[in-house]
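I opened the model to look up how its chains are put together. My notes follow in the order in which I made them.

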Amino acid sequence: MELLLSSAIGVMTAAGIYLILRRRSFAVVLGTTMLSYAINLFLFSTGRLVVDAPPVLRDGVAAHTDPLPQALVLTAIVISFGMTAVLVMMALGAWLEGGDDRVDMPRDDRAPPEDA
Amino acid sequence: MSHLLIAPVLLPAVIGALIILWMRDDLLLQRVFSIAGTVALLGVALYLAGLAGTGQIQVYRLGNWAAPFGIVLMLDRLAALMLLLTAALALVVQLYATGSGWDRKGWHFHALWQFQLMGLCGAFLTGDAFNLFVFFEILLIASYGLMIHGGGAMRLRAGVQYIAYNLVGSVLFLAALGVLYAVTGTLNMADMAARVAAMPAQDTALLRTGAVLLMLVFAIKAALVPLHFWLPSTYADAPGPVAALFAIMTKVGIYAIIRFFTLVFPHGGTTGQVVAELLLPAALFTLAIGQIGILGSRHLGRVAAFAAIGSVGTLAVAVAQFSPQATAAALYYLIHSTLAGAALFLIADMIGARRGDLWLRPGPALPWQGMIAAFFMASAVAMAGMPPFSGFFGKLMILQATQGAPWAVWIWGTVLSTSLVAIYGMARAGSVLFWQAREPALPAPDPEPGPPGPIPTKLETHEPIQDLGDAASPALTAVAVGALLAGIVALTLLAGPAMRLAEAAAAQLHDPAAYLGAVLHGQEGTK
């Protein structure tokens, strides 16, 4: 299971990094989503991997799993979901206003328009 | 335990929510409530500064849970200083936003402003690493809304970059926290400091990885080279008052570096050593690139943005020393550079409102040209760190504090030569804008715009640059900029007392035992 989890985190991170380096906003959105999936799995693993163990203290149970990473993952999921939604809306706005979906800034941002 | 410790977080949260729920259609009510809220926040910050001035570290346990388990807020001298600076800056810039009419260029300006303040105050107060992440996200999501306030293609494009960059930063932050939690088993900063200190040096490989990841996150927030690429377009395309408030946002990154790497990973340990060795070259490059960028920019907004990068570089040079003397100099320069940076952005906005754009090219003479030129010159001199303003003292003290450092020659060389570059860049911008202005002025510039009249209930959008005809009160904008410059003059005249306060704050920071004692001991009566 360790191999499965760590390779999943690694592959998703690699895919995410590749995608956020692309020039189109759709790929960047997918990339940040991939990265946040990878990081959620990673946060899970920080409490050590335990299978079939309760997260709260209970009488007569010897093995417990750490509940804190689960709470952190919940918070992280909510936040990354909300942030991704904002990014999608903003990318949509930039596409409608600017006419293309590139993420780099056009030349007009740095130099006056007339001396092209 | 004073319950007022939570007020800087609760007050803006409640006011922001009330503005959205009750006053969304009434801009006048929004303005009154929002400004009153910021005044109250300033009052609370003053009270808390008095409380922190006793030298005692105040701890507020949320829900009265015992320390490593519940979330704590910590108020020390540094946190109180940052709160006070945030509240004062927010009030002045908010007056500018109201006076210039920027707040009616789109919806929810004042609500977002309050949520931004909530995130900033929370980030300065919290004593829990994961809670710091949450407050970072609060201030970021409010800043996304503020940054694209008013709309426009260029601003939205810059907004996409800004969000994408910060999303990656947030992911890195979570990764860093995950690593640190896996190694130490705690997220409370004081508890983490105790466990890190007790860890044998040969077991700290993973800890060092976590610390460096954390440093990268804060470097993104502070816009240190090579993680600064989001800043120029974001700040140059953001509305003027929003960019002025963002002057404190890069300082949040600097604050977090100071907080973590004096408390959790102090310089004496191997982990702190690694971070200091990485931070100093990055700081020197940031300083150089920022000041050269001033010279290379063709847009006044970008001039101000690169000046902000340069000032963060100067700050980071001092912070990277991790000595009490250098930290004190950094805190003094932090106050100065926040005020000067904000003033520069507001003045750029005043110029933009009168010219219609911010390109550095000869244009018509502006209404109120003399006053604006004087303002620009004052803020440019302050930003470049020349006498007679406080930036000069700040740089002098930073140079003094780095005198015996191993990299002293590089630090002195970079700070002094880039100051010259900055002066040259600022002088070039000012002479193009003001001395090459065409005469006569605009066909019939009305130096005294008519009475502002009633505020229209319908908000206008899609106007990238504020034009003077919309201004509710141009005099108020001048008062706001004047207040920022007066703050710089006060910081210059009161350099002695201000420096003593900074030294007291730095001495407190470099004594982590006091934090551990305040947070982890004496917990009778908690759950």
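I began with the contacts in chain B that have a separation of 6 or more: 81% of them join residues 24 or more positions apart. The model is predicted, and I read every value with that in mind.

Next I looked up the overall dimensions. The C-alpha trace of chain B spans about 75 × 55 × 40 Å along its principal axes. I checked the radius of gyration against what a compact globule of 527 residues would have, near 24 Å; chain B has 22 Å, which agrees. For burial I noted that 60% of the 527 residues of chain B count as buried. For secondary structure I counted 20 helices and 2 strands in chain B.

Then I turned to the core. Which residues have the most contacts inside the largest nonpolar core? I found Ala316(B), Val317(B) and Leu346(B), in a core of 226 residues. Helix 14 of chain B gives the most to this core, with 21 residues.

I followed Ala316(B) further. Leaving out residues up to four places away in sequence, I listed Ala222(B), Leu224(B), Ile254(B), Leu279(B), Ala282(B), Ala283(B) and Thr286(B) as the residues that Ala316(B) touches.

I went back to helix 14 and looked at how it packs on helix 3. In chain B, the axes of helix 3 (residues 77-100) and helix 14 (residues 324-355) come within 11 Å and cross at roughly 10°. Angles under 35 degrees count as roughly parallel, and I therefore logged helix 3 and helix 14 of chain B as roughly parallel to each other. On the helix 3 side of chain B I wrote down Leu81(B), Leu85(B), Leu89(B), Val93(B), Tyr96(B) and Ser100(B). Helix 14 of chain B brings Leu331(B), Ile335(B), Thr338(B), Ala342(B), Leu346(B), Asp349(B) and Ala353(B) to the contact. By class I have 10 nonpolar, 2 polar and 1 charged for the residues of this contact between helix 3 and helix 14 of chain B. Leu346(B) was already in my notes, as one of the residues with the most contacts inside the core.

Last I looked at where the chains meet.

Notes. Residues are numbered from 1 along each chain as its sequence is written. Chains are lettered from A and ligands numbered from 1 in the order in which they are written. This is a predicted model: local features need pLDDT of at least 70, side-chain atom pairs count only at pLDDT 80 or more; totals for chains, interfaces and linings use all residues. Axes are lines fitted to C-alpha atoms, for helices over the stretch in contact, and angles run from 0 to 180 degrees between N-to-C directions. Helices (H or I, at least four residues) and strands (E, at least two) are DSSP runs, numbered from the N terminus. Angles under 35 degrees count as roughly parallel, over 145 as roughly antiparallel, 65 to 115 as roughly perpendicular and the rest as oblique. Two residues are in contact if their C-beta atoms, placed from the backbone, lie within 7 Å. Ala, Val, Leu, Ile, Met, Phe, Trp, Tyr, Cys and Pro count as nonpolar, Asp, Glu, Lys and Arg as charged, and the others, Gly among them, as polar. The radius of gyration is taken over C-alpha atoms; the globule rule is 2.2 Å times the number of residues to the power 0.38. A residue is buried if 20 or more other C-beta atoms lie within 10 Å of its own, exposed if 12 or fewer, and partly exposed in between; C-beta atoms are placed from the backbone. A nonpolar core is a set of buried Ala, Val, Leu, Ile, Met, Phe, Trp, Tyr and Cys residues joined through C-beta atoms within 7 Å.
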